[in-house]
Amino acid sequence: MTRPRRSHLFMPGSNPRALEKARNLAADGLILDLEDSVAPDAKAVARDGIAAAIAAKGFGKREILIRTNGLDTAWWADDVAMAAKASPDGILVPKVSSVEDLDAIGRKLAELGAAPTVKVWAMIETARAVLHAEELAAAGLDPSRRLSGFVFGPNDISRETRIRMLPGRAAMIPMITHCILATRAYGLEILDGPYSDIANSDGFATECAQGRDLGFDGKTLIHPSQIDACNAIFTPPEEEVARARKIIAAFELPENVSRGAIRLDGAMVERLHADMARRTIAIADAIAAMGKG
């Protein structure tokens with residue numbers, strides 16, 4: 001199933017008003033957070049609040065992920081136990097750096113009887129994770145690990161590696177493309193990390209466009225004000241969708257069914273362009289469906 005993942009908004013689990021407001025936001029997904037945005041003494045309250053919010057439903061077709069605390073923390077066991085019972089679309093686990101981490105997560109979800117629909121998203125935010133991105137992605141071929149995708153975490157990578165976070169992210173592009181290639185090689189999705197300067201709308205739009213062009217499926221967000229711009233940038237333009245439909249229609253003509261390449265509007269179009277067109281159409285149709293029902 002193709003589902004749009006243009007915008008995934010972090011929402012603090014310790015803020016009941018934010019969780020309630022999330023039901024009416026235009027984000028494609030929500031990441032109900034137990035980690036960075038929740039103080040240590042509020043973890044238990046946040047856990048209960050997230051469980052209650054999911055049980056109350058009302059999130060529509062939005063993808064619901066719970067970001068747990070890391071496997072090496074005192075809160076991990078309680079976080080994953082709550083998530084297994086609440087049954088969101090998935091859990092987002094910080095600082096996954098090895099296949100052993102993925103195995104531990106998969107085993108724990110199985111022990112807790114989590115539904116098969118509860119998937120795992122790995123935050124790629126350590127030097128080791130970036131170096132072994134292909135190994136991590138390949139491990140997702142084993143369904144017991146439940147791996148659906150990566151979330152690239154530039155801030156923690158910057159802290160660990162001392163690579164500076166500068167406009168344009170030139171120093172990070174090799175790492176970004178390495179992680180994107182790993183996900184595409186093994187059929188996973190990947191989301192870009194958040195843009196922290198909420199007031200800089202131009203800088204945010206530029207980074208969204210860069211992320212789209214690099215191949216990210218969408219972007220994680222830290223403020224509702226970022227949703228509309230992010231959705232617009234990651235939505236295929238109408239002319240691109242129209243062109244995609246024209247390519248598919250051309251290849252479906254009886255005289256073109258067996259051909260590997262055709263001439264369309266003065267340009268050569270190959271079967272690979274038809275595959276790309278189908279993806280564009282599927283995303284456009286899924287985005288349209290988000291607004292219905």
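The model is predicted, so local features need pLDDT of at least 70 and side-chain atom pairs count only at pLDDT 80 or more, while totals for chains, interfaces and linings use all residues. Residues are numbered from 1 along each chain as its sequence is written, and side-chain values use heavy atoms, with hydrogens and water left out.

Let's start with the annotation. An unreviewed UniProt entry marks Glu 125 and Asp 156 as "binding site". They are spread over 32 residues of sequence, yet they cluster in space, with a largest C-alpha distance of 5.4 Å. A word of care: UniProt positions are given here in the numbering used for this model, feature names are shortened, and annotations may be inferred rather than shown by experiment.

Glu 125 sits in the loop between strand E5 (119–124) and helix H5 (127–131). Helices (H or I, at least four residues) and strands (E, at least two) are DSSP runs, numbered from the N terminus. With 2% relative accessibility, Glu 125 counts as buried; buried means under 20% relative accessible area, exposed over 50%, and partly exposed in between, using a 1.4 Å probe and protein chains only. Leaving aside neighbours within four places in sequence, Glu 125 is in contact (heavy atoms within 4.5 Å) with Pro 94, Lys 95, Gly 153, Asp 156, Ile 157 and Glu 160. Its side chain reaches the backbone nitrogen of Lys 95 at 2.8 Å.

Asp 156 belongs to helix H7 (residues 154–161) and, at 15% relative accessibility, is buried too. Again leaving aside neighbours within four places in sequence, Asp 156 touches Lys 95 and Glu 125. So what does the side chain of Asp 156 make with the side chain of Lys 95? It is a polar contact, at 3.4 Å. That term means a pair of N or O atoms within 3.5 Å; within protein, one must be able to donate a hydrogen and the other to accept it, and residues adjacent in sequence count only if both atoms are side-chain atoms.

Now for the charges. Side chains of opposite charge can pair when their charged atoms come close. The structure holds 24 salt bridges, each a side-chain nitrogen of Lys or Arg within 4 Å of a carboxyl oxygen of Asp or Glu. One of them joins Asp 79 and Arg 47 at 2.8 Å, N to O. That pair links distant parts of the chain, with Asp 79 in helix H3 (residues 76–86) and Arg 47 in helix H2 (residues 43–56), 32 residues apart. Asp 79 is buried at 0% relative accessibility, and Arg 47 is buried at 10%.

Arg 169 and Asp 192 form another salt bridge, their closest N and O atoms being 2.9 Å apart. Here the link runs from the loop between H7 and helix H8 (173–185), which holds Arg 169, to Asp 192 in strand E7 (residues 189–192), 23 residues apart. Both Arg 169 and Asp 192 are buried.

Then there is the salt bridge between Arg 212 and Asp 213 (2.9 Å, N to O). Arg 212 is partly exposed at 37%, and Asp 213 is exposed at 60% relative accessibility. Salt bridges that share partners also join Asp 33, Glu 35, Asp 36 and Arg 67 into one network.

Finally, take a look at helix H11. Val 241, Ala 244, Ile 247, Ile 248, Ala 250 and Phe 251 are buried there. The buried residues of H11 pack against strand E9 (261–264), strand E10 (267–270) and helix H12 (271–290).
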